[in-house]
Amino acid sequence: MKVELDINKEKHEVDVEPRMSLLDCLRDKLQLNGAHTGCEHGVCGACTVLVDGTAVRSCLMFAVQADGYAITTIEGLSPGPGELSILQDAFCETHGMQCGYCTPAMILAAQSLLSKNASPTRDEIVDAISGNICRCTGYAQIVEAIALAAERMRGQNQPQDASVTR
Amino acid sequence: MSAPGKFRFISSDRRVREDRRFVVGKGNFAADIVPQGVKHVALVTCPHPAAKIVSIDKSAALDMPGVHYVLDGAELAGATNVLATGLDTPNVPRRPLAVDVARYAGEWVVAVVADSRALAEDAAELVAVEYEPLPFVLDGEAAYKGGVLVHPAHGSNVLLDRTFVWGEVEKDFAASPHKFRHVVKWGRSATVPVETFGVTASWDPWREMLDVWASIQMPKYPDQIAMTMKLPMSSVRVHYDVDVGGSYGVKRGIKHTILVAYLAKRLGMPIRFIEDRLENMRGGDMHGPERNFDVEVAFDNNGIIRSMKMRALDNVGAYAGRSPFQLGKPVSAIVGPYKIKSVQYQAIAVLSNKTVQEAVRAFGQSPTNYAIERTIEEVANKLGLDRLEVRKRNLIRHEDFPYLIPSGSTYDSGNYQAVIEKVLTKADYPALVAERDRLRAAGTLAGIGIAACLEPSGGNSSFEPLLNPKVGTTTWMDSCRISIDLVGSITATMHTTSAGQGHETLVGTVVGEVLEVDPDKVRVVRADSLNSLPSNSPVGSRMAIMLGGAAFHAANKLKAKLIAIAAHDLDVPAERLTYENGNVFDASAPDKKRTWTELVTIGHRYIHRMPPDMEPGLSVSHIMPVPTGGGLPTADGRVQMYPCYSFEFHLMLVTIDPDLGKPEIKRYVIGHDCGTVINPKIVRGMTMGGIAHGIGAALYEEFAYNDDGLLVAQNFMDYLLPSAHEVPPVEIVHHETPSPLTVFGQKGSGESGYLGAPAAVASAVNDAIRPLGIVVNSLPIKVARLGDMIAAAREK
């Protein structure tokens with residue numbers, strides 16, 4: 001059946017079987033390969049995308065259920081070709097990853113947190129990513145990346161001195 | 001970190017270049033590679049731990065629209081050779097699909113090929129296989145005794161049973177006033193990457209070429225494909241530019257590869273198989289060691305251990321993969337960081353009707369470290385001595401290096417006391433002890449965990465000739481090729497996949513260091529197996545030593561070539577010339593100078609200005625042997641196995657809820673010494689990740705089987721992976737004792753953290769429950785079991 005999906009602020013009309021997961025639709029129909037398949041039973045979180053800004057497991061959602069929601073995938077986060085968002089850059093700064101497989105989902109979980117909480121505590125960061133399994137890092141450098149991004153984003157949102165911007 | 005000024009780029013806190021593609025979701029993982037017209041595989045697996053395959057009815061599956069083929073084991077076995085195994089056990093043949101008999105629950109029986117994975121799964125459900133269940137054996141000790149045989153033609157369940165005696169074991173035991181013996185167990189777990197194994201193959205019959213893209217981390221992978229597929233190796237092209245989504249040893253999917261390679265060749269279509277989690281957990285053959293240790297030590301009144309007898313029985317599952325060799329690596333550090341003079345080691349690998357084992361991070365060393373550490377704690381306990389003090393008394397001293405251990409390996413360097421003292425200072429050990437005692441007084445169970453252990457790194461796999469005399473392999477090289485192109489940019493080539501270890505960053509950093517150029521300007525690419533130099537893939541904590549070493553030597557060759565070109569062109573002896581930032585000049589006459597651009601131009605375009613005997617172009621290769629070379633074992637099984645030995649010391653405070661039995665790590669400090677650190681971000685990440693794996697193996701993760709022989713932990717609801725909640729903040733204290741054997745003094749760190757974390761957790765839990773008069777000697781220490789033990793002890 002045909003559905004119209006709003007992904008990264010673009011409309012995509014796709015023809016899917018009703019049983020197709022949003023994850024499979026993103027990967028197989030739209031070649032948005034940043035969402036990764038890990039367990040396909042909703043535990044590892046590697047398939048996380050944002051649905052209206054909230055982190056959701058795309059392996060547990062049918063593509064047809066996504067109709068009418070604003071979906072954000074990792075491909076929607078970078079400001080332009082070759083550029084990184086503050087959050088993505090912070091992950092690079094702390095090396096908050098190794099193999100990179102859980103990374104897009106981890107960044108989206110963090111994006112969801114930071115969109116609602118500009119100054120998260122360590123416990124809040126841990127809570128926000130506790131549904132995303134990383135087998136490489138032991139999480140330390142991921143938590144640091146998110147804290148660093150929060151700090152930088154707070155700084156970015158400060159009113160700037162007019163004499164500097166002019 | 002290193003002394004300031006020692007290096008330009010080595011040891012500085014530089015970013016990891018691979019990260020940029022991962023944070024935007026642009027990794028190139030196996031599942032992202034989708035050739036035109038690719039078809040998909042799903043599997044029919046055996047639901048019994050052992051069963052005769054009576055019949056297979058494929059008709060309903062084949063009638064389904066979109067289904068292309070249904071393959072059984074007989075056809076595949078008829079067309080391919082058996083999979084390679086490490087041991088000389090010809091009557092334990094291993095094949096991708098079972099032939100006549102299936103030997104574990106989850107073993108692959110039939111493969112279905114269809115237009116989509118979903119259709120292939122639908123069709124797999126329509127394949128009717130009739131089974132006749134057979135008797136089975138799950139327990140390793142029971143299998144060792146015989147009875148039910150997993151492979152009757154083999155005559156027993158024993159794949160390997162070898163006893164080594166290094167030194168005067170019986171004499172040392174007789175001369176010692178104290179002996180202690182116990183049994184400790186390491187449960188079946190694995191590193192379980194978030195990405196399952198995936199592989200795609202296509203066959204071009206006109207070019208006679210098999211192309212393979214796989215999430216592989218395995219030495220000798222193209223060779224095994226060629227031999228099993230009966231193809232010349234020049235007809236197998238493995239693409240190494242596939243990002244591997246975590247491996248930590250286990251991504252050894254040779255059986256997966258042969259399955260899709262055969263189907264691709266048979267059907268003339270690109271074929272891919274990406275395991276789902278169920279296929280991965282029960283039939284992906286990536287379980288780790290399941291090991292029973294029987295350890296006896298002889299020691300004096302001061303707790304000095306003079307001799308050790310260790311029996312290690314590993315339940316390797318239904319077929320012989322490479323796993324029995326995991327009993328071999330620990331030979332290289334069989335005494336840990338301690339001066340134990342003599343050792344008797346019995347290594348036993350037994351077959352059972354469980355999933356096949358594969359290599360897991362540290363290749364068997366972590367379980368052995370745990371057994372040694374559990375034992376030394378009991379020595380202290382028996383004598384009423386402090387556990388830390390007994391460790392210190394037995395340590396190899398800084399002045400003793402290089403230190404030859406009884407089993408034939410020489411430890412290169414170390415300063416174990418210094419690392420331990422740094423950790424004790426960082427943690428404020430007396431305060432930590434006081435905190436434990438305060439918690440105990442307040443009614444909580446609290447314990448301090450301690451572990452000291454080694455990470456053998458960069459070895460030549462001499463456990464192979466040690467455990468299988470028919471294997472004479474002593475070579476275990478790695479390589480790098482570096483070219484400067486005709487406009488002066490640098491490209492370095494590596495020859496293996498990576499699974500998050502940052503090898504592109506490693507090569508770029510090393511080349512930048514030697515050639516004095518910005519490492520970020522050094523392009524690093526990966527060859528495919530047909531245009532690559534020899535590599536043995538990232539195993540055994542070897543790449544900093546071996547790939548880093550190869551890159552160093554290749555870059556130096558290139559630098560020497562540039563200097564020789566300048567010398568010839570300037571008519572100045574090379575010895576008088578200085579290389580600086582890519583330019584070459586005569587320090588005594590600075591006008592005598594050739595810039596990078598000039599040298600590159602001469603090297604590529606002006607052969608008339610080149611030294612007459614020099615090859616044109618600026619491209620060099622280096623193939624590097626293991627720093628300690630390679631030798632065959634002596635008759636009594638002594639061999640130099642690994643050149644470098646990293647050290648780690650773990651210290652933690654754990655509380656246990658006395659009612660629930662739930663442990664919580666309150667403080668964790670690790671001291672880590674892997675020699676010169678090439679990239680601090682990478683080494684720290686490896687160590688933290690290894691600790692997380694170790695906590696998982698110690699407390700949560702287990703491939704548990706029920707009495708019916710079925711794997712009950714086959715998804716992430718039952719096989720528990722540590723989340724950010726379970727992994728505590730860890731403080732790392734660095735120390736650097738450079739290796740005298742490597743180019744920058746670096747040692748391996750790919751397995752760090754995992755080597756000692758399980759031992760340290762076990763130490764902490766036992767310290768916490770010892771006041772109750774109980775001891776726990778098997779991993780994982782599951783909450784429910786610990787809670788029951790504590791409850792029973794308190795009732796007494």
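**Chain B and its contact with chain A**

Modeller: This is a predicted model. In the contact, chain B supplies 43 residues and chain A supplies 40 residues.

Biologist: Which elements of chain B give two or more residues to the side that touches chain A?

Modeller: Helix H1 (19-23) and helix H18 (680-700) of chain B. H18(B) gives the most, with seven residues.

Biologist: And how many residues on that side of chain B are nonpolar, polar or charged?

Modeller: There are 22 nonpolar, 11 polar and 10 charged.

Biologist: Switching topic. How many helices and strands are in chain B?

Modeller: Chain B has 20 helices and 29 strands.

Biologist: What does the radius of gyration of chain B agree with?

Modeller: A compact globule. One with 796 residues would have a radius near 28 Å, and chain B has 28 Å, so the two agree. Its C-alpha atoms fill a box of roughly 90 × 75 × 50 Å along the principal axes.

Biologist: What share of chain B counts as buried?

Modeller: 58% of the 796 residues.

Biologist: Now the sheet with S22, S23 and S24 of chain B. What order do the strands take?

Modeller: The order is S22-S23-S24, in an open, antiparallel sheet. S22 (577-580) and S24 (589-594) of chain B are the edge strands. Neighbouring strands are turned by 30 degrees on average, direction ignored.

Biologist: How many bridges link S23 and S24 of chain B?

Modeller: Three, with S23 covering residues 583-586. B:Asp586 stands opposite B:Ala589 of S24(B).

Biologist: Which helix lies across those strands?

Modeller: H16 of chain B, residues 543-570. H16(B) runs at about 135 degrees to S22(B).

Notes
Residues numbered from 1 in each chain as written. Chains lettered and ligands numbered in written order. Predicted model: local features only at pLDDT ≥ 70, side-chain atom pairs only at ≥ 80, totals over all residues. Contact = placed C-beta atoms within 7 Å. Helix = DSSP H or I, 4+ residues; strand = E, 2+ residues; numbered from the N terminus. Nonpolar A, V, L, I, M, F, W, Y, C, P; charged D, E, K, R; others polar. Rg over C-alpha atoms; globule rule 2.2 N^0.38 Å. Buried ≥ 20, exposed ≤ 12 C-beta atoms within 10 Å, placed from the backbone. Pairing = 2+ DSSP bridges. Axes fitted to C-alpha atoms, helices over the stretch in contact; angles between N-to-C directions.
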